[in-house]
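Visitor: Could you walk me through this one? I'd like the overall picture and then some local detail.

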Amino acid sequence: MSDYSVETQIFPVDPNQPDPQIIIRAAEVLRDQGLVAFPTETVYGLGANALDETAVSRIFAAKQRPFYDPLIVHIAHKTDIDFVAKDIPEIAFTLGENFWPGPLTLVLKRHERVAPNVSAGLGTVAVRMPNHSIPLDLIRAAGVPVAAPSANLFTRPSPTSAQHVLDDLGGHVDIILDGGPCPIGLESTVLDLTSDHPTILRPGGAPAEALKEIIPDLVLPEDKPMRDNATAKPSPGMMLKHYSPKARFLLFKGSSATAVDQIREIARELISQGYKIGLMVTDEDHLQFFGLRAEIERLGSQDDLPGIGQILFARMRSLDKKGVDFILMRSLPNEGLGLAIGDRLFKAAEQQVIDLDSMKDLSDISEIFS
Ligand code: TXA
Ligand code: MG
(Lines give C-alpha, C1' and ligand atoms only; values in the text may rest on other atoms or scores of the structure.)
(Ligands and ions follow the chains in the order given, each with its own letter.)
Protein backbone atom coordinates (compact mmCIF):
# COMPACT_ATOMS: atom_id res chain seq x y z
CA MET A 1 0.00 0.00 0.00
CA SER A 2 1.64 3.23 -1.12
CA ASP A 3 1.86 6.18 1.23
CA TYR A 4 -0.31 9.24 0.73
CA SER A 5 1.81 12.25 1.73
CA VAL A 6 0.55 15.79 1.28
CA GLU A 7 0.63 19.17 2.95
CA THR A 8 -2.33 19.34 5.33
CA GLN A 9 -4.38 22.51 5.44
CA ILE A 10 -6.79 23.24 8.29
CA PHE A 11 -9.78 25.52 7.83
CA PRO A 12 -12.02 26.58 10.72
CA VAL A 13 -15.65 26.26 9.64
CA ASP A 14 -18.72 27.46 11.53
CA PRO A 15 -21.12 24.47 11.69
CA ASN A 16 -24.08 26.85 11.89
CA GLN A 17 -23.07 28.57 8.69
CA PRO A 18 -20.34 26.77 6.73
CA ASP A 19 -18.42 29.16 4.49
CA PRO A 20 -19.34 28.18 0.90
CA GLN A 21 -15.87 29.16 -0.38
CA ILE A 22 -14.16 26.68 1.90
CA ILE A 23 -16.75 23.99 1.18
CA ILE A 24 -16.25 24.43 -2.58
CA ARG A 25 -12.49 24.20 -2.19
CA ALA A 26 -12.78 21.01 -0.15
CA ALA A 27 -15.28 19.58 -2.65
CA GLU A 28 -12.75 20.19 -5.44
CA VAL A 29 -10.14 18.25 -3.49
CA LEU A 30 -12.61 15.35 -3.16
CA ARG A 31 -13.37 15.39 -6.88
CA ASP A 32 -9.62 15.46 -7.53
CA GLN A 33 -9.06 12.14 -5.71
CA GLY A 34 -7.86 13.87 -2.54
CA LEU A 35 -8.77 13.36 1.13
CA VAL A 36 -10.84 15.72 3.28
CA ALA A 37 -11.43 15.23 7.01
CA PHE A 38 -14.64 16.71 8.41
CA PRO A 39 -16.68 16.69 11.60
CA THR A 40 -19.92 14.76 11.86
CA GLU A 41 -22.32 14.55 14.79
CA THR A 42 -20.55 11.31 15.83
CA VAL A 43 -16.79 11.59 15.19
CA TYR A 44 -14.54 13.15 12.53
CA GLY A 45 -14.50 11.28 9.24
CA LEU A 46 -11.74 10.92 6.62
CA GLY A 47 -13.52 11.35 3.31
CA ALA A 48 -12.86 10.40 -0.30
CA ASN A 49 -15.01 10.07 -3.42
CA ALA A 50 -16.80 6.74 -2.91
CA LEU A 51 -17.06 6.17 -6.68
CA ASP A 52 -13.30 6.38 -7.23
CA GLU A 53 -11.14 3.40 -6.37
CA THR A 54 -7.87 5.36 -6.33
CA ALA A 55 -9.26 8.01 -4.01
CA VAL A 56 -10.64 5.33 -1.69
CA SER A 57 -7.32 3.47 -1.61
CA ARG A 58 -5.74 6.65 -0.21
CA ILE A 59 -7.99 6.41 2.85
CA PHE A 60 -6.59 2.98 3.63
CA ALA A 61 -3.03 4.21 3.11
CA ALA A 62 -3.47 7.33 5.25
CA LYS A 63 -5.07 5.45 8.14
CA GLN A 64 -2.82 2.39 7.77
CA ARG A 65 -6.12 0.52 7.81
CA PRO A 66 -6.23 -3.11 6.66
CA PHE A 67 -7.87 -3.32 3.23
CA TYR A 68 -10.38 -5.91 4.51
CA ASP A 69 -12.12 -3.44 6.85
CA PRO A 70 -14.94 -1.81 4.82
CA LEU A 71 -15.88 1.89 4.93
CA ILE A 72 -19.15 3.78 5.44
CA VAL A 73 -20.56 5.74 2.49
CA HIS A 74 -22.07 9.11 3.44
CA ILE A 75 -24.96 10.62 1.50
CA ALA A 76 -26.57 14.06 1.77
CA HIS A 77 -30.15 13.22 0.74
CA LYS A 78 -32.22 10.28 2.00
CA THR A 79 -33.23 9.57 -1.58
CA ASP A 80 -29.60 8.94 -2.58
CA ILE A 81 -29.78 5.60 -0.78
CA ASP A 82 -30.61 3.86 -4.07
CA PHE A 83 -27.70 5.57 -5.80
CA VAL A 84 -25.26 3.57 -3.64
CA ALA A 85 -27.34 0.47 -2.72
CA LYS A 86 -29.73 -1.87 -4.53
CA ASP A 87 -32.52 -4.35 -3.68
CA ILE A 88 -33.23 -2.16 -0.68
CA PRO A 89 -35.70 -3.66 1.83
CA GLU A 90 -38.67 -1.54 2.89
CA ILE A 91 -37.41 -1.38 6.47
CA ALA A 92 -34.39 0.66 5.31
CA PHE A 93 -36.66 3.47 4.11
CA THR A 94 -38.64 3.38 7.35
CA LEU A 95 -35.42 3.60 9.34
CA GLY A 96 -34.18 6.43 7.13
CA GLU A 97 -37.42 8.34 7.77
CA ASN A 98 -36.97 7.93 11.52
CA PHE A 99 -33.22 8.15 12.03
CA TRP A 100 -31.71 10.18 9.16
CA PRO A 101 -29.95 12.45 9.21
CA GLY A 102 -28.36 10.81 12.23
CA PRO A 103 -26.00 8.25 13.79
CA LEU A 104 -27.42 5.13 12.12
CA THR A 105 -25.53 3.23 9.42
CA LEU A 106 -27.38 0.65 7.33
CA VAL A 107 -25.63 -2.29 5.67
CA LEU A 108 -27.31 -3.01 2.32
CA LYS A 109 -26.50 -4.63 -1.02
CA ARG A 110 -23.88 -2.55 -2.80
CA HIS A 111 -24.63 -0.81 -6.08
CA GLU A 112 -21.93 -1.56 -8.69
CA ARG A 113 -21.10 2.11 -9.10
CA VAL A 114 -19.62 2.26 -5.59
CA ALA A 115 -15.91 1.47 -5.72
CA PRO A 116 -15.44 -2.18 -4.64
CA ASN A 117 -12.63 -1.33 -2.22
CA VAL A 118 -15.09 0.81 -0.20
CA SER A 119 -16.67 -2.47 0.83
CA ALA A 120 -13.43 -4.44 1.01
CA GLY A 121 -14.73 -6.49 -1.91
CA LEU A 122 -17.96 -7.47 -0.10
CA GLY A 123 -21.25 -7.36 -1.98
CA THR A 124 -22.66 -5.06 0.70
CA VAL A 125 -22.25 -1.37 1.48
CA ALA A 126 -22.69 0.59 4.71
CA VAL A 127 -24.63 3.85 4.22
CA ARG A 128 -25.50 6.78 6.41
CA MET A 129 -26.69 10.38 6.18
CA PRO A 130 -24.86 12.39 8.85
CA ASN A 131 -26.65 15.01 10.92
CA HIS A 132 -24.10 17.79 10.47
CA SER A 133 -24.14 20.76 8.12
CA ILE A 134 -20.46 20.53 7.15
CA PRO A 135 -20.49 17.03 5.59
CA LEU A 136 -23.97 17.62 4.15
CA ASP A 137 -22.82 20.81 2.40
CA LEU A 138 -19.56 19.15 1.36
CA ILE A 139 -21.21 16.06 -0.15
CA ARG A 140 -23.73 18.23 -2.01
CA ALA A 141 -20.98 20.47 -3.36
CA ALA A 142 -18.85 17.50 -4.43
CA GLY A 143 -21.84 15.85 -6.09
CA VAL A 144 -20.63 12.37 -5.13
CA PRO A 145 -21.21 10.07 -2.16
CA VAL A 146 -18.31 10.21 0.26
CA ALA A 147 -16.65 7.15 1.77
CA ALA A 148 -15.39 7.99 5.24
CA PRO A 149 -14.13 5.94 8.15
CA SER A 150 -13.30 7.66 11.41
CA ALA A 151 -10.31 9.97 10.81
CA ASN A 152 -7.93 8.27 13.22
CA LEU A 153 -4.97 6.02 12.67
CA PHE A 154 -6.03 2.36 12.71
CA THR A 155 -6.17 1.15 16.37
CA ARG A 156 -6.26 4.67 17.87
CA PRO A 157 -9.38 6.10 19.56
CA SER A 158 -11.74 7.85 17.14
CA PRO A 159 -11.15 11.61 16.74
CA THR A 160 -13.69 14.05 18.15
CA SER A 161 -11.75 17.24 17.38
CA ALA A 162 -9.69 18.59 14.48
CA GLN A 163 -6.60 18.41 16.69
CA HIS A 164 -7.07 14.64 17.11
CA VAL A 165 -7.20 14.30 13.32
CA LEU A 166 -4.07 16.39 12.93
CA ASP A 167 -2.26 14.35 15.61
CA ASP A 168 -2.98 11.09 13.75
CA LEU A 169 -3.12 12.08 10.08
CA GLY A 170 -1.19 15.34 9.68
CA GLY A 171 0.71 15.13 6.37
CA HIS A 172 -1.64 12.42 5.08
CA VAL A 173 -4.87 14.36 4.50
CA ASP A 174 -5.25 17.35 2.16
CA ILE A 175 -7.77 19.37 4.15
CA ILE A 176 -9.14 19.22 7.68
CA LEU A 177 -12.38 21.12 8.18
CA ASP A 178 -12.36 22.20 11.81
CA GLY A 179 -15.96 22.46 12.96
CA GLY A 180 -15.24 22.12 16.66
CA PRO A 181 -15.96 19.12 18.89
CA CYS A 182 -18.40 16.39 17.79
CA PRO A 183 -21.71 16.49 19.70
CA ILE A 184 -22.14 12.72 20.17
CA GLY A 185 -18.50 11.64 20.37
CA LEU A 186 -19.21 7.95 19.64
CA GLU A 187 -19.50 6.41 16.18
CA SER A 188 -22.79 5.51 14.52
CA THR A 189 -24.75 2.33 15.18
CA VAL A 190 -24.06 -0.15 12.35
CA LEU A 191 -27.17 -2.18 11.49
CA ASP A 192 -27.00 -5.07 9.04
CA LEU A 193 -30.16 -5.37 6.92
CA THR A 194 -28.78 -8.08 4.62
CA SER A 195 -29.15 -11.01 7.02
CA ASP A 196 -32.41 -12.77 7.97
CA HIS A 197 -32.87 -10.62 11.05
CA PRO A 198 -31.72 -7.02 11.32
CA THR A 199 -28.57 -7.24 13.41
CA ILE A 200 -26.56 -4.58 15.20
CA LEU A 201 -22.94 -5.11 14.18
CA ARG A 202 -21.68 -2.16 16.21
CA PRO A 203 -23.67 -0.33 18.91
CA GLY A 204 -23.39 3.43 18.55
CA GLY A 205 -25.08 6.80 18.64
CA ALA A 206 -28.56 5.46 17.78
CA PRO A 207 -29.61 3.52 20.92
CA ALA A 208 -30.82 -0.08 20.50
CA GLU A 209 -33.97 0.75 22.51
CA ALA A 210 -35.03 3.31 19.89
CA LEU A 211 -34.33 0.88 17.02
CA LYS A 212 -36.33 -1.85 18.77
CA GLU A 213 -39.44 0.30 18.59
CA ILE A 214 -39.31 -0.09 14.82
CA ILE A 215 -37.65 -3.54 14.68
CA PRO A 216 -39.02 -5.69 17.53
CA ASP A 217 -36.88 -8.72 16.55
CA LEU A 218 -33.64 -6.71 16.43
CA VAL A 219 -30.56 -8.83 17.17
CA LEU A 220 -28.17 -7.17 19.60
CA PRO A 221 -24.38 -7.63 19.41
CA GLU A 222 -24.18 -9.42 22.75
CA ASP A 223 -26.54 -12.08 21.42
CA LYS A 224 -23.82 -13.08 18.97
CA PRO A 225 -20.55 -14.81 19.77
CA MET A 226 -17.52 -12.53 19.46
CA ARG A 227 -15.60 -13.26 16.31
CA ASP A 228 -11.88 -13.76 16.26
CA ASN A 229 -9.42 -11.38 14.73
CA ALA A 230 -9.26 -12.88 11.23
CA THR A 231 -10.48 -11.84 7.81
CA ALA A 232 -14.00 -12.23 6.37
CA LYS A 233 -16.19 -10.87 9.13
CA PRO A 234 -19.37 -8.84 8.75
CA SER A 235 -18.11 -5.98 10.88
CA PRO A 236 -14.40 -5.79 11.43
CA GLY A 237 -15.22 -3.13 14.00
CA MET A 238 -15.57 -6.23 16.14
CA MET A 239 -11.84 -6.84 15.89
CA LEU A 240 -9.48 -6.95 18.80
CA LYS A 241 -7.19 -4.00 19.32
CA HIS A 242 -9.57 -1.31 18.15
CA TYR A 243 -10.17 2.11 19.64
CA SER A 244 -7.27 1.46 21.97
CA PRO A 245 -5.25 4.02 23.77
CA LYS A 246 -1.49 3.36 23.78
CA ALA A 247 -1.62 2.66 27.50
CA ARG A 248 -2.83 -0.68 28.82
CA PHE A 249 -6.53 -0.20 29.58
CA LEU A 250 -7.89 -2.06 32.62
CA LEU A 251 -11.68 -2.20 32.78
CA PHE A 252 -13.25 -3.18 36.10
CA LYS A 253 -16.71 -4.41 36.84
CA GLY A 254 -17.94 -4.57 40.40
CA SER A 255 -21.32 -4.21 41.99
CA SER A 256 -20.07 -4.09 45.54
CA ALA A 257 -19.79 -0.84 47.42
CA THR A 258 -16.10 -1.62 47.85
CA ALA A 259 -15.32 -1.64 44.11
CA VAL A 260 -13.86 1.86 44.20
CA ASP A 261 -11.73 0.94 47.22
CA GLN A 262 -10.38 -2.07 45.32
CA ILE A 263 -9.55 0.01 42.25
CA ARG A 264 -7.77 2.53 44.45
CA GLU A 265 -5.74 -0.29 46.03
CA ILE A 266 -4.82 -1.71 42.63
CA ALA A 267 -3.79 1.76 41.43
CA ARG A 268 -1.68 2.21 44.56
CA GLU A 269 0.01 -1.13 43.99
CA LEU A 270 0.82 -0.27 40.37
CA ILE A 271 2.18 3.13 41.42
CA SER A 272 4.41 1.48 44.01
CA GLN A 273 5.80 -0.72 41.24
CA GLY A 274 6.85 2.44 39.40
CA TYR A 275 4.07 2.65 36.82
CA LYS A 276 2.41 5.88 35.76
CA ILE A 277 -1.33 5.52 36.25
CA GLY A 278 -4.29 7.22 34.61
CA LEU A 279 -7.82 7.01 35.95
CA MET A 280 -11.05 7.84 34.18
CA VAL A 281 -13.61 8.49 36.91
CA THR A 282 -17.21 9.60 37.22
CA ASP A 283 -18.12 12.56 39.39
CA GLU A 284 -19.71 10.15 41.85
CA ASP A 285 -16.42 8.27 42.39
CA HIS A 286 -14.06 11.20 42.03
CA LEU A 287 -13.49 12.19 45.67
CA GLN A 288 -12.56 8.67 46.65
CA PHE A 289 -9.41 8.88 44.56
CA PHE A 290 -8.28 12.03 46.28
CA GLY A 291 -4.58 12.07 47.12
CA LEU A 292 -3.61 9.27 44.75
CA ARG A 293 -0.51 10.01 42.64
CA ALA A 294 -2.33 9.40 39.38
CA GLU A 295 -3.48 11.38 36.36
CA ILE A 296 -7.21 11.69 36.84
CA GLU A 297 -9.68 12.49 34.05
CA ARG A 298 -13.21 13.26 35.09
CA LEU A 299 -16.03 12.01 32.91
CA GLY A 300 -19.00 13.77 34.50
CA SER A 301 -21.93 12.10 36.20
CA GLN A 302 -22.67 8.45 35.47
CA ASP A 303 -26.31 9.54 35.13
CA ASP A 304 -25.32 11.56 32.06
CA LEU A 305 -24.21 8.89 29.59
CA PRO A 306 -24.50 11.21 26.56
CA GLY A 307 -22.14 13.60 28.35
CA ILE A 308 -19.68 10.76 28.99
CA GLY A 309 -19.94 9.51 25.40
CA GLN A 310 -19.08 12.95 24.10
CA ILE A 311 -15.70 13.13 25.88
CA LEU A 312 -14.72 9.47 26.29
CA PHE A 313 -12.26 9.21 23.38
CA ALA A 314 -10.83 12.66 24.10
CA ARG A 315 -10.06 11.60 27.69
CA MET A 316 -8.30 8.43 26.48
CA ARG A 317 -6.20 10.51 24.13
CA SER A 318 -5.31 13.04 26.78
CA LEU A 319 -4.12 10.31 29.16
CA ASP A 320 -2.01 8.89 26.34
CA LYS A 321 -0.44 12.31 25.85
CA LYS A 322 0.46 12.32 29.53
CA GLY A 323 2.35 9.06 28.93
CA VAL A 324 0.56 6.82 31.43
CA ASP A 325 1.31 3.09 31.41
CA PHE A 326 -2.14 2.00 32.58
CA ILE A 327 -5.62 3.48 32.43
CA LEU A 328 -8.07 2.19 35.03
CA MET A 329 -11.81 2.61 34.77
CA ARG A 330 -15.00 1.17 36.20
CA SER A 331 -17.66 -0.08 33.79
CA LEU A 332 -20.88 1.94 33.41
CA PRO A 333 -24.58 1.06 33.08
CA ASN A 334 -25.48 -0.65 29.80
CA GLU A 335 -28.67 1.19 28.83
CA GLY A 336 -29.10 3.75 26.07
CA LEU A 337 -25.73 5.08 24.95
CA GLY A 338 -24.21 2.91 27.67
CA LEU A 339 -24.23 -0.02 25.23
CA ALA A 340 -21.96 1.86 22.81
CA ILE A 341 -19.78 3.22 25.61
CA GLY A 342 -19.40 -0.26 27.08
CA ASP A 343 -18.47 -1.64 23.66
CA ARG A 344 -15.70 0.95 23.17
CA LEU A 345 -14.35 0.38 26.68
CA PHE A 346 -14.41 -3.38 26.16
CA LYS A 347 -12.41 -3.01 22.95
CA ALA A 348 -9.98 -0.56 24.56
CA ALA A 349 -9.45 -3.20 27.25
CA GLU A 350 -8.77 -5.77 24.53
CA GLN A 351 -11.98 -7.59 25.44
CA GLN A 352 -11.04 -8.28 29.01
CA VAL A 353 -13.13 -7.19 31.98
CA ILE A 354 -11.77 -7.65 35.47
CA ASP A 355 -14.56 -8.79 37.77
CA LEU A 356 -13.86 -7.27 41.18
CA ASP A 357 -16.61 -9.24 42.89
CA SER A 358 -14.88 -12.52 42.12
CA MET A 359 -11.43 -11.23 43.07
CA LYS A 360 -10.20 -12.46 46.43
CA ASP A 361 -7.11 -10.33 46.77
CA LEU A 362 -4.72 -8.16 44.82
CA SER A 363 -2.60 -11.11 43.66
CA ASP A 364 -5.54 -12.16 41.44
CA ILE A 365 -4.87 -9.18 39.24
CA SER A 366 -1.08 -9.37 39.24
CA GLU A 367 -1.06 -11.96 36.45
CA ILE A 368 -2.88 -9.48 34.23
CA PHE A 369 -0.16 -6.88 34.39
CA SER A 370 2.88 -9.07 34.92
O1 TXA B 1 -20.09 7.52 13.04
C2 TXA B 1 -19.48 6.86 12.19
O3 TXA B 1 -19.91 5.78 11.77
C4 TXA B 1 -18.18 7.44 11.66
C5 TXA B 1 -18.49 8.73 10.92
C6 TXA B 1 -17.27 9.31 10.26
O7 TXA B 1 -19.52 8.51 10.01
N8 TXA B 1 -17.53 6.49 10.81
C9 TXA B 1 -16.95 5.36 11.29
O10 TXA B 1 -16.36 4.60 10.31
O11 TXA B 1 -16.96 5.06 12.45
P12 TXA B 1 -15.38 3.38 10.63
O13 TXA B 1 -14.83 2.96 9.33
O14 TXA B 1 -14.40 3.77 11.66
O15 TXA B 1 -16.33 2.27 11.13
C16 TXA B 1 -17.20 1.67 10.19
C17 TXA B 1 -17.73 0.40 10.74
C18 TXA B 1 -16.65 -0.63 10.87
O19 TXA B 1 -16.89 -1.38 12.04
C20 TXA B 1 -16.86 -1.48 9.62
O21 TXA B 1 -16.40 -2.77 9.80
C22 TXA B 1 -18.36 -1.41 9.46
O23 TXA B 1 -18.70 -0.10 9.84
N24 TXA B 1 -18.75 -1.63 8.07
C25 TXA B 1 -18.54 -0.84 7.02
N26 TXA B 1 -19.00 -1.38 5.89
C27 TXA B 1 -19.53 -2.56 6.21
C28 TXA B 1 -20.16 -3.59 5.48
N29 TXA B 1 -20.32 -3.54 4.17
N30 TXA B 1 -20.58 -4.67 6.17
C31 TXA B 1 -20.41 -4.74 7.51
N32 TXA B 1 -19.82 -3.79 8.25
C33 TXA B 1 -19.39 -2.72 7.62
MG1 MG C 1 -13.12 3.69 13.13
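Predicted model: local features only at pLDDT ≥ 70, side-chain atom pairs only at ≥ 80, totals over all residues.

Visitor: Fine. How many helices and strands does the protein chain have?

Guide: There are 12 helices and 16 strands in the protein chain, where helices (H or I, at least four residues) and strands (E, at least two) are DSSP runs numbered from the N terminus.

Visitor: And what about the radius of gyration?

Guide: The protein chain has a radius of gyration of 21 Å, which agrees with the value near 21 Å for a compact globule of 370 residues; the radius is taken over C-alpha atoms, and the globule rule is 2.2 Å times the number of residues to the power 0.38. Along the principal axes, the C-alpha atoms fill a box of roughly 60 × 45 × 40 Å.

Visitor: What share of the residues is buried?

Guide: Buried residues account for 56% of the 370 in the protein chain, with buried meaning under 20% relative accessible area, exposed over 50% and partly exposed in between (1.4 Å probe, protein chains only). Of the contacts between residues at least 6 apart in sequence, 70% join residues at least 24 apart, a contact being heavy atoms within 4.5 Å.

Visitor: Which strands flank E10, parallel or antiparallel?

Guide: Strand E6 (residues 104–110) pairs with E10 in the parallel sense over four bridges, and strand E11 (residues 199–202) runs antiparallel to E10, joined by three bridges; two strands pair if DSSP finds at least two bridges between them. Leucine 191 of E10 is the bridge partner of leucine 106, and leucine 191 also stands opposite isoleucine 200 in E11. The hairpin from E10 to E11 goes through six residues.

Visitor: Switching to the backbone, where is the cis peptide bond?

Guide: The cis bond joins tryptophan 100 and proline 101, with omega about -5 degrees, and proline 101 is found in the loop between helix H4 (90–99) and E6. Most residues other than glycine have a negative phi, and most peptide bonds are trans.

Visitor: Which residues other than glycine have a positive phi, then?

Guide: Aspartate 87 is one of them, with phi near 50 degrees, and glutamate 350 is another, at about 50 degrees. Aspartate 87 sits in the loop between strand E5 (85–86) and H4, whereas glutamate 350 lies in the loop between helix H11 (338–348) and strand E16 (353–355).

Visitor: Is each buried or exposed, or in between?

Guide: Aspartate 87 is exposed, with a relative accessible area of 56%, while glutamate 350 counts as partly exposed at 39% relative accessibility.

Key: Residues numbered from 1 in each chain as written. Chains lettered and ligands numbered in written order. Heavy atoms only, no water.
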